[in-house]
Amino acid sequence: MSAGQEALWLAHQLDPGSRAYNLVLGVRVRTPLRTDLIQGALTSLVGRHELLRSRFPATASGRPERRLDGVRGAALDTRELPDADDAELASMAAELGLRPFDITVDAAFRLVLLRRRADDAVLVVSAHHIVTDATSQWLILHELLSRYAAAVSDREVPVGTPVRWDDEVRQERDLVGSARGEMARKHWEDVYATAGAAQLLTDRPRPTRRSLRGGSHRVTFPGHVGERMVAAAAEANVTVSAWMFAALQVALHRCGAGPEFLIGSSVSTRSTLHARRNVGYYVNVLPVRAKLGTDPTFRSVAGATYRQMVEGLAHSAFPTDLVDSRQAMTVISSFAVADRLPVPGLSDGRIRHLGLDLELIPVPQQEGQLDLMVETQQSGDVFSTSFSYDADLFESTTVERLAEVYLRIIEASLTPPDVPISRIPLVRTGDLAFVLALGSGDPAARHS
């Protein structure tokens, strides 16, 4: 097991009944499916990716270990739902996808087929985070459908090289014990020494035991905002992800997180072409410091963020979980480009892929895993950001306000002149005029 997997295993032991670590991909299929061929594709899939047939019990000494089950144990779970409407179908997909895994006893992966009619069904790809990541979920779907399409047309499908997870872990451990690994460790120790994890102002005291209950809120940027942001980031010689990460730093700062703190940037550790086609837990969290006490301009914050990200990526293969477990990130941000996903276009709407009519069914997930998790997806010039949060700490309205502040800061960052971040207005001009009018005794305002 990798260092990141061991950390997830410990989190699972603390709350084995939680669904906060499930990753789910639900896809509506409006093309007749043969369950025997889906089962065959599933068997081939788990035969290549051994993590999908792995379980994680404890040894006699209490340490985690990974054990491999046989390929035949991977069975398609088919449910007939002839009377379900669209809402019930989506609800059942979420319920089954988020059903907790007992990773000590059973494999940490399942595939469910919810069938309403022969030509109307939902495939639910569900796995515990210990065996997968966001990219892996799409890889699973792509490979499953590719194997199915080949079987339908009676074609041979390239089997692909079996993925031996021990080889991936061995590479990580070789790095950790090398001179290059020591340099990376020193880099991350220095970063962690600069500040602590962001301390957010919560609606309720932090409980002694987390329930891992959560919620989520999604915002989609107006089209013109995305287009202008791409241009602004390019003009400043930074990436769009760095620009948006800087906006999150400023939003948290303006909402009371303080002048200096760390936010985790979730990055992929797929460093080879071979790994980019593999299913597994290829994730590292890189701490990025916000230093905002000098009231910098937004452009300078974005530049500093970009430089830290570039420097951090040079050491991204070193698992930061090994550096200082006390500095666990309470806020994680990630960024994905939808057009580069293994099933391009699916996140944007209904598509035709490998002879199948497909449509994504959104399933809220990973809610409550952290204080706050911010995930942004880009498709062309369209950007959407999801805020998942710990419901023990925050009311939904608080996270919605944070999302509004974040979007307002993005919009303000695109309007010259570049002003200090303390002077970015957090309400729009019309809203401010309305609030001020409430205090002026204007009857018209009170009746608006």
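Which residues does L111 touch, not counting residues up to four places away in sequence? In this predicted model, L111 is in contact (heavy atoms within 4.5 Å) with I38, L42, A75, L76, D77, L123, V124, V125 and L144. Residues are numbered from 1 along each chain as its sequence is written. Local features need pLDDT of at least 70 and side-chain atom pairs count only at pLDDT 80 or more, whereas totals for chains, interfaces and linings use all residues, and side-chain values use heavy atoms, with hydrogens and water left out.

L111 also belongs to the largest nonpolar core, a set of 55 residues in which L42, F109, L111 and I130 touch the most other members. Such a core is a set of buried Ala, Val, Leu, Ile, Met, Phe, Trp, Tyr and Cys residues joined through side-chain atoms within 4.5 Å; buried means under 20% relative accessible area, exposed over 50% and partly exposed in between (1.4 Å probe, protein chains only). Among the elements that each supply at least two residues of this core are helix 2 (35-48), strand 5 (109-117) and strand 6 (120-128). Helix 4 gives the most, with seven residues. Helices (H or I, at least four residues) and strands (E, at least two) are DSSP runs, numbered from the N terminus. A second, separate core of 51 residues includes A251, A257, F261 and I424.

Turning to the sheet, six strands are arranged in the order 7-14-13-10-8-9, forming an open sheet with mixed pairing; two strands pair if DSSP finds at least two bridges between them. Strand 7 (214-220) and strand 9 are the edge strands, each pairing on one side only. On average, neighbouring strands are turned by 20° against each other, direction ignored. Within the sheet, strand 8 pairs with strand 10 (residues 331-337) in the parallel sense over two bridges, and S265 has S333 of strand 10 as its bridge partner. Helix 8 packs on the sheet, touching strands that include strand 8 and strand 13 (372-379), and its direction makes about 145° with that of strand 8. Axes are lines fitted to C-alpha atoms, for helices over the stretch in contact, and angles run from 0 to 180 degrees between N-to-C directions.

Helix 9 (residues 298-313) has 16 residues and spans 22 Å from its first C-alpha to its last, close to the 22 Å expected at 1.5 Å a residue, a value given by 1.5 Å times one less than the number of residues. Its buried residues are F298, V301, A302, G303, T305, M309 and G312, and they pack against elements including helix 6 (179-194) and helix 10 (396-413).
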